[in-house]
Amino acid sequence: MTQAECSTDYAIEVTHLKHQYGKRVIYEDLNFKVPHGKVFALLGKNGVGKTTLIKILMGFLRPTAGDCRVFGDASHELTPETRSKIGLLFEGHLAYEFMSIEGVERFFAPFYANWKQELYYDLTGKLGLPKNHKIGNMSEGQRSQVVLGLLMAQQPEMLILDDYTMGLDAGYRRLFLDYLADYLKAGDKTVLVTSHIVQDLEKIVDEVIFLERGGYTTQMPLRDFLEGFRQYSLPKDVCREVPFKDEMIKNIEDGGANYLLYSFANFRTVAAHLAERGITPEGLEQLPMGFEDAFIGFTGRY
Amino acid sequence: MFASILHKEFIKLRAFWLAALALNACIIVYVLLEMLKLFRMDHAEVVWYRVIHLGQIYYEPFMYVMVITGIFLAFAQFFPEMKNHRFRISLHLPLAPHNIVLGHILVGLVAVVLILAVDVMALYIMTGLYFPSEIVHRSVFTVLPWALAGLSAYIGSTLVLLEPTWRLRIFNFVVSLGVTGLFLLPADPGAYAHILIPLFALVLFFAPSVLLPAYRFRYRKF
């Protein structure tokens, strides 16, 4: 595939990405693609390399090997033009604490051609603070609102949000999502988001990319994941072999009196699969679960 | 856009700049009092003899405060940028990274130069009140290398602060110490007068070296 094709087909394209910190390998062979106009959630347990990946995508880390392209540019050589298309929310809502609400808007406005000042003041106006209020004197939630306001005013083609929920209560998270939903209404906007509070994402995310230790990824539409990934309980009191993970059983957790089995296979297939392995499926039952349970079931609790 | 970078750095530095200016003003007052004390303790001809023939320097505190000013303003400007790697916000702006970094450095250097210029002017004026013009010029040529040391200390501190690895940070520290030390070698008053232009050129060429750690920060591998 040529670079031109990459730039038109995908907002982000990661191919055979390898990265390591010293001897600690984060990814060995990471591959995924993010088409334009979709909302992607990059999910995984702590320490699997979500923030590292975002740093690589934004050129703040040079990968050990492999290719990582954003709007067709190699991620470690993003042109100013490409950077102008990307709104980046840094972990912890990084901001210039020494600037005021008004000052920070005046600073960023000249950098972006489609700057929408009214969107910024619409959001920051909700804070009920004077325009000369310093960002350094704000709570994390208030600061997140300023940062979100700046991102909305920028109207970027792609938003990259690194753990936007950090330090936010339910009200601020909801506000964030409401504005994100408005931003997406404009159409053809791409969002890559990481978050520890996955249930918030259910309403806005199109696709999920699960990142696991060693750089293994699973990418699929969220709807397919929610409909296809299942939780089963298997009572412990029946005398049988202890079930184990394999190509069909993605994960097993201790559910107290039951084993909790997670799989993409349907009930009949799982029951037959267990029987084949000498584990009687007696008492096997499918349990309903929400996005967070499914996420934990997929990635494992600990 | 470049002007926005300059304005932002101005806002960030102004309170620290005023603090540094106040510190330098205190030193100016201290040096003035030291000079007046010389004339109270001895007759004017003895003071003249000491200053002109024995090369006594009563304004030595300028040497320390100029270097401290450079280090202080570099820390005020870049330490908060390295905390949580806030500098990434600036480096994500749609401008070439070298323009962003040099914009930061330009504001810092101007801030240091303005304060050091106040020191030199103050020394020029107060020395002129009691000494002949030859001594005034010699005093100025004595402190100008110290002013270059102040600029070098600013650049050197920036080199250390922006560097992402400890190994090279120590290396940058040693290099900066060496370059800054060149301007502070013990010498007769005004001895640097004939090589001030090459020394100024050295500082000028030292300034862009901050691009190296800045790029290493921007495109790091760890």
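Residues are numbered from 1 along each chain as its sequence is written, and chains are lettered from A in the order in which they are written. In this predicted model, local features need pLDDT of at least 70, side-chain atom pairs count only at pLDDT 80 or more, and totals for chains and interfaces use all residues, while side-chain values use heavy atoms, with hydrogens and water left out.

**View 1. Where chain B meets chain A**. Here 27 residues of chain A are in contact (heavy atoms within 4.5 Å) with 26 residues of chain B. The two chains bury about 2700 Å² between them, 67% of it on carbon and sulfur atoms; this is the accessible area (1.4 Å probe) lost on being put together, summed over both. On the chain B side, R88(B), I89(B) and H92(B) lose the most area to chain A, together 27% of what that side buries.

**View 2. A salt bridge across the interface**. Look for R86(B) and E97(A), whose side chains meet at 2.7 Å, N to O. The rule (a side-chain nitrogen of Lys or Arg within 4 Å of a carboxyl oxygen of Asp or Glu) finds one salt bridge between chain B and chain A.

**View 3. Helix 1 of chain B**. Helices here are DSSP runs (H or I, at least four residues), numbered from the N terminus.

Definitions and conventions. Helices (H or I, at least four residues) and strands (E, at least two) are DSSP runs, numbered from the N terminus. The expected span of a helix is 1.5 Å times one less than its number of residues.
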